[in-house]
Amino acid sequence: ITRTDGSFSSRNWVRRKAFSQLNVFKIKPYIGIYYEKRDGDINEVSNFQFLEHTFGIESSSEGKMRWKIENHIRRDDSFSNEQWITKTDAQDINFTGQILNWKNISSQWNYTKRIKKYYGDNSSPDINFQLIYLMLKHNPRKLPFHWETNVKVEEERTVKKEWRYFYVGEGEGQFLYDSTFADYVPHPQGDYILRIMPSNIKEPVTSFQNGIRFQFNGSSLKKKILSYDSYEWTLLKNITTLTDIRLQQQIKKGGNPFELWTFSPSKIDDKWAYFNRIIQQDITYRIKSIRANVRFRLLNTNRISQLDVRGREKNFSNEYSIRYKGIFFWKIKLDSEVSSKILRRNSVFNSLRDRNIETIKYRNNISYLLNNVHYLGCEILVNRDVQETLNPTKSFLTSVKSSYERKIKRKGRWKIFSEIDNVRVIPKGKPIPWEMSRGKKEGVTVGWGISFEYRLGKYLSVRVNYEGWNEPQRDVFHIGSGEIRALF
C-alpha cells in the first residue's frame with residue numbers, strides 16, 4: 001500500500017496478486033487473482049479499481065501436442081459521487097493448442113469468445129464476438145511436396161474510411177491531381193499527401209481469411225517412377241510448382257455468414273463489406289546445363305470493396321507471363337519476360353476511374369559481372385497498352401535503362417544509372433490514365449541517378465541516394481535521401 005501526498009493530490013494505490021498451479025498426471029490446472037485499486041485522488045476520474053479472475057487447465061510441455069483452456073473474468077469500477085460504480089464486465093474464454101511435427105504434420109489453433117458489457121452513460125456498444133483460427137501444415141521429408149492451409153474467422157466491427165488528399169506544396173507530396181480523370185495519381189514529386197481517415201460509420205461483420213499453399217519440387221523425387229532414360233522422368237525431376245490461393249471477405253450481420261461464404265466474385269452483393277481473392281500459379285523448369293530456369297505464371301486478383309464512404313468499387317486483373325532467367329552468352333546473364341495482362345475497374349462514385357486496359361509487355365535485362373567487382377546492366381522494355389472504350393486509346397512505351405555498379409570490398413558499393421523513356425499515344429495528345437505506360441506521360445522522359453552505400457565501422461553505416469528526372473510538361477525535379485545506421 002502506498003500513499004502519495006501533494007499540494008494537488010493525495011491518493012492510495014493497492015495491488016494484490018495471487019497465482020497457484022498444480023501438476024496432476026501431466027495436466028496442470030491453475031487459478032489466478034489480480035486486484036488493483038487507486039482512490040483518494042481529488043480528481044475522481046483518476047480513481048479506479050478492477051478485479052481479475054483466471055481459471056485454466058493446460059497440458060504439460062512434454063509431447064507433440066500441447067493445449068490450454070482458460071476462462072478470464074474482469075470487472076472495472078469507476079469512482080463517482082463518493083461511491084464505486086461498475087463500469088464494465090468482461091469475460092474471455094480461450095482454447096489454444098498446437099501439434100509439433102507429429103508425423104511431419106504441424107498445427108496451431110485458437111478459439112476465443114469475448115463478452116464485454118458497458119454500464120452507465122457509456123455510449124460504447126456491448127461486445128459479443130468470437131474468433132477461430134486454424135493452421136495446418138504437412139511437410140513430408142520423403143515426398144516431393146509440402147502444403148499449408150489456414151482459416152481465420154472473426155466477428156468484429158468494420159469502419160468505413162475516407163481517402164483525404166492534402167495539399168502540402170509543389171513537389172512536396174506523393175500524389176498529383178489529374179483533372180482529366182478527376183483523380184489523384186502517385187508521383188514522387190506530387191503536390192498532395194494521402195491520409196486514410198476512419199469515418200463514424202461502423203458495421204458489425206464476420207471476417208473470413210482463408211489460404212492454401214501447395215509446393216512441388218521434382219528434384220526431391222527419390223524413386224524412379226518411370227524408366228531411367230525416359231524423357232518424362234527427366235522433365236519431372238526438373239519441375240517445381242507453386243499454387244497459392246488467398247481469400248478474404250467481410251460479411252455484414254443479418255444472415256448466416258457461413259452459408260454466405262463464397263469463392264466466386266459473381267455472388268458478391270450488398271451483404272459484403274469487402275471481398276478479395278488472389279490466385280497464383282507458378283510452374284518452373286530448371287535447365288541445369290546452363291544454370292537457368294523458365295517460369296510460367298498465372299496471377300489472378302479480384303477485389304470488391306465497400307469500405308470507402310463514397311461507395312463500391314470493383315477491381316479485376318488477370319496476368320500471364322513467361323520468364324527466362326539464366327546464362328545468355330559466356331558470362332553474360334539474361335532475365336527476359338513476356339507478359340499479357342487485363343485490368344478492369346468499375347467505380348460507382350466516379351465513372352472516370354473506370355478502366356478496361358489490356359497490356360502486353362516485353363522486358364529484357366542483360367547483365368555482366370567482371371571480377372566480382374564491376375557490374376554492368378542494361379534493361380530494355382517495350383510496353384503496349386490499350387484502353388478499350390468506345391474510342392480506344394493506345395499507348396506505346398519504349399524504355400532503355402543502363403546501370404553500372406562497383407563493389408567496395410567488405411565496405412559497400414556505389415551505383416549510377418541513366419534511363420530514357422519514350423511514350424507514343426494514339427490518338428496523339430489524348431490523356432492516358434497512370435495505369436498505362438507505367439505512369440509515364442506522352443513524350444520523352446529522361447532520368448539519372450547515383451547511390452552510395454558504405455560501412456564506416458562494425459556498427460556504423462551510411463547510405464546516400466540521388467535521382468533527377470526530366471518529364472514532359474513538368475520542370476526538372478530532383479530527389480535525394482540519406483541515412484545513417486548505428487547499432488548499439
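This is a predicted model: local features need pLDDT of at least 70, side-chain atom pairs count only at pLDDT 80 or more; totals for chains, interfaces and linings use all residues.
Student: How many aromatic pairs does the model contain?

Tutor: The count comes to 18 aromatic pairs.

Student: Why is the pair of Phe 145 and Phe 214 called stacked?

Tutor: Ring centres must lie within 6.5 Å for a pair, and planes under 30 degrees apart count as stacked. The centres of Phe 145 and Phe 214 are 5.8 Å apart and their planes stand at 20°, so this pair is stacked.

Student: What makes this pair a tie between parts of the chain?

Tutor: Phe 145 belongs to strand E9 (residues 145-167) and Phe 214 to strand E12 (residues 192-217), so the pair ties together parts that are 69 residues apart in sequence.

Student: Why is Phe 214 called partly exposed?

Tutor: Buried means under 20% relative accessible area and exposed means over 50%, with partly exposed in between. Phe 214 has 34% relative accessibility, so the residue counts as partly exposed. Phe 145, at 23%, is likewise partly exposed.

Student: How do you know that Tyr 165 and Tyr 184 are stacked?

Tutor: Their ring centres lie 4.0 Å apart and their planes are at 10°, so the pair is stacked. Tyr 165 is in strand E9 and Tyr 184 in strand E11 (residues 183-190), so parts 19 residues apart in sequence are tied together.

Student: Which residues do ring pairs link into a cluster with Tyr 165 and Tyr 184?

Tutor: The cluster also holds Tyr 167, Phe 175, Tyr 177 and Tyr 192.

Student: What makes Arg 355 a charge that sits over the ring of Phe 181?

Tutor: One condition is that CZ of Arg lies within 6 Å of the ring centre, and another is that it lies within 35 degrees of the ring normal. The charged end of Arg 355 is 5.2 Å from the centre of the Phe 181 ring and sits over that ring. Arg 424 lies over the face of Phe 396, at 4.7 Å from the ring centre.

Student: Why is Lys 103 called exposed?

Tutor: Exposed means over 50% relative accessible area. Lys 103 has 63% relative accessibility, so this residue counts as exposed. Lys 103 has a positive phi of about 50° although it is not a glycine, and its place is the loop between strand E6 (83-102) and strand E7 (105-118).

Student: Where is Asn 372 found, and is this residue buried or exposed?

Tutor: Asn 372 is in the loop between strand E18 (355-370) and strand E19 (374-387). Its relative accessible area is 59%, so Asn 372 is exposed.

Terms used. Residues are numbered from 1 along each chain as its sequence is written. Side-chain values use heavy atoms; hydrogens and water are left out. Rings of Phe, Tyr and Trp (its six-membered ring) pair if their centres lie within 6.5 Å; planes under 30 degrees apart count as stacked, over 60 as edge-to-face and the rest as tilted. Helices (H or I, at least four residues) and strands (E, at least two) are DSSP runs, numbered from the N terminus. Buried means under 20% relative accessible area, exposed over 50%, partly exposed in between (1.4 Å probe, protein chains only).
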